[in-house]
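This report looks at ring contacts and at backbone geometry in one protein model. The sequence and the structure come first, followed by the findings.

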Amino acid sequence: MQTRQGYFTYLEGTNKEVGEQQAEILRHIPYLYQVYFLEEEEAISDQRLWTQQQMLQQYSPGIWSELEAFCSQAKMPMNRLRYLHESCIVSGCTHSVVLPAKMRDGHLYVLRNYEFTPDLDDMRLCSTNIGGTYVHTGFSGLSFGRMEGMNDQGLCITMSSCGQPVGIHPSLRSPKGEGLQFWTAIRTVLEQCRNVDEALQRLREMPIVSNVNLLVADPNENAALVEIMDGDIAIRKIGKERDTPYLVATNHVLFSELEHTSTHSMHNSLIRQQLLESVLQEEALVEKADLLALMNSEYPKGLSTHYYQEYFGTLRSMLFDVTAKTIEVCYGSPLHNNWHTLSVGGKLAFPTIEVALPQGIVPAHFW
């Protein structure tokens with residue numbers, strides 16, 4: 001069984017100071033240089049670097065000084081920073097919002113499973129406290145982005161790729177124009193927004209090129225599914241006054257008005273969607289233990305998968321208690337690793353953890 005290190009980092013200070021802190025972390029984990037930086041011949045042009053700077057400064061103020069400080073401290077040029085160059089290659093994720101009306105304990109929960117390969121993931125949970133922004137906790141993407149998270153206002157946001165992921169690699173879908181990746185948009189929402197309405201306004205304003213399903217929820221019992229495909233956006237909101245007390249998203253298009261943008265839905269994506277809906281559609285109230293059981297079970301009876309060589313192994317499972325502002329997190333598959341709990345903006349008891357990643361056999365008709 002292969003293992004990999006998982007990490008927890010507490011980042012605090014100005015954007016410049018946080019950039020310097022991340023460069024210091026990089027110094028102690030040398031292999032991350034090849035994750036965070038391109039080879040010299042792959043460096044982006046000065047024109048593209050300028051374009052990225054203008055876009056980030058408009059939609060995610062502060063992050064540019066963080067990137068500058070990081071590269072300066074690491075003694076690497078910014079045009080080799082992979083964060084500014086690459087798209088995220090995402091294979092599979094499952095997430096769901098469950099409103100208090102459906103839960104026996106009356107809390108609002110967001111369930112989140114993330115599948116990919118450990119070779120291209122930070123495996124790092126961060127609590128980030130930068131002056132003038134909301135404190136938040138979530139896993140990092142290429143160090144500076146956020147893959148999901150919850151802030152100290154109780155606003156939670158999660159993602160899953162929708163259809164074929166967008167990227168610069170030959171196997172990926174080419175982006176329709178210039179814009180931001182979801183990891184930048186998610187961090188912007190966590191740092192700048194207090195509730196679902198503010199998050200939706202911010203997401204509408206940003207030019208997001210990722211094909212992605214986003215779920216957002218807040219402690220006022222508001223939630224929304226945001227689907228973005230080729231720059232088009234569709235939104236479905238739920239709340240106290242709505243009939244359906246939950247939202248579910250996996251890796252296929254869910255809005256009829258966007259169906260024309262995708263020609264294929266992975267079989268496993270449909271199965272995972274049906275699995276969650278079968279639990280949440282029942283008349284009985286749902287226990288928190290029922291949500292954990294879905295992540296603690298192996299596909300197709302549950303959500304966890306172990307196909308790391310195929311870029312489809314569970315790298316983390318998370319259960320956000322939006323009401324209590326706490327997060328339960330498991331690095332790797334819960335079938336082989338333990339759960340840990342922290343409050344939003346809090347710390348785990350360890351800076352590193354060994355994560356078991358057993359390779360499984362992909363079942364027939366999975367794709």
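## A cis peptide bond in a loop

Pro-300 is placed in the loop that runs between helix 8 (288–295) and strand 13 (306–307). The model is a predicted one, and in it the peptide bond leading from Tyr-299 to Pro-300 is cis, with an omega near 10 degrees.

Met-123 has a phi near 55 degrees, which is a positive value in a residue other than glycine. Its place is the loop between strand 3 (109–116) and strand 4 (124–130), and with a relative accessible area of 3% Met-123 is buried, because the cut-off for that class is under 20%.

Asp-230 also has a positive phi, near 50 degrees, and is likewise a residue other than glycine. This residue lies in the loop between strand 10 (222–229) and strand 11 (232–238).

## Aromatic pairs around Phe-312

Across the whole structure, a search finds 16 aromatic pairs. Since Phe-312 belongs to strand 14 (residues 312–321) and Phe-366 to the segment after strand 17 (352–357), the pair ties together parts of the chain that are 54 residues apart in sequence. Both Phe-312 and Phe-366 are buried.

Phe-312 also pairs with Trp-367: the ring centres are 5.6 Å apart and the planes stand at 80 degrees, so this pair too is edge-to-face, given that angles over 60 degrees fall in that class. Here again distant parts of the chain are linked, with Phe-312 in strand 14 and Trp-367 in the segment after strand 17, 55 residues apart.

## A ring cluster and charges over rings

Elsewhere, ring pairs link Tyr-33, Tyr-36, Phe-37, Phe-70, Tyr-83, Phe-144, Phe-182 and Trp-183 into a cluster.

Rings also take part in contacts with charged side chains. The charged end of Arg-316 sits over the ring of Phe-139, at 4.2 Å from the ring centre, while Lys-347 lies over the face of Tyr-10, at 4.7 Å from the centre of that ring.

How values were computed
Residues numbered from 1 in each chain as written. Predicted model: local features only at pLDDT ≥ 70, side-chain atom pairs only at ≥ 80, totals over all residues. Heavy atoms only, no water. Phe/Tyr/Trp six-rings, centres within 6.5 Å; stacked < 30°, edge-to-face > 60°. Helix = DSSP H or I, 4+ residues; strand = E, 2+ residues; numbered from the N terminus. Buried < 20%, exposed > 50% of the residue type's maximum accessible area, 1.4 Å probe, protein only. Lys NZ or Arg CZ within 6 Å of the ring centre and 35° of its normal.
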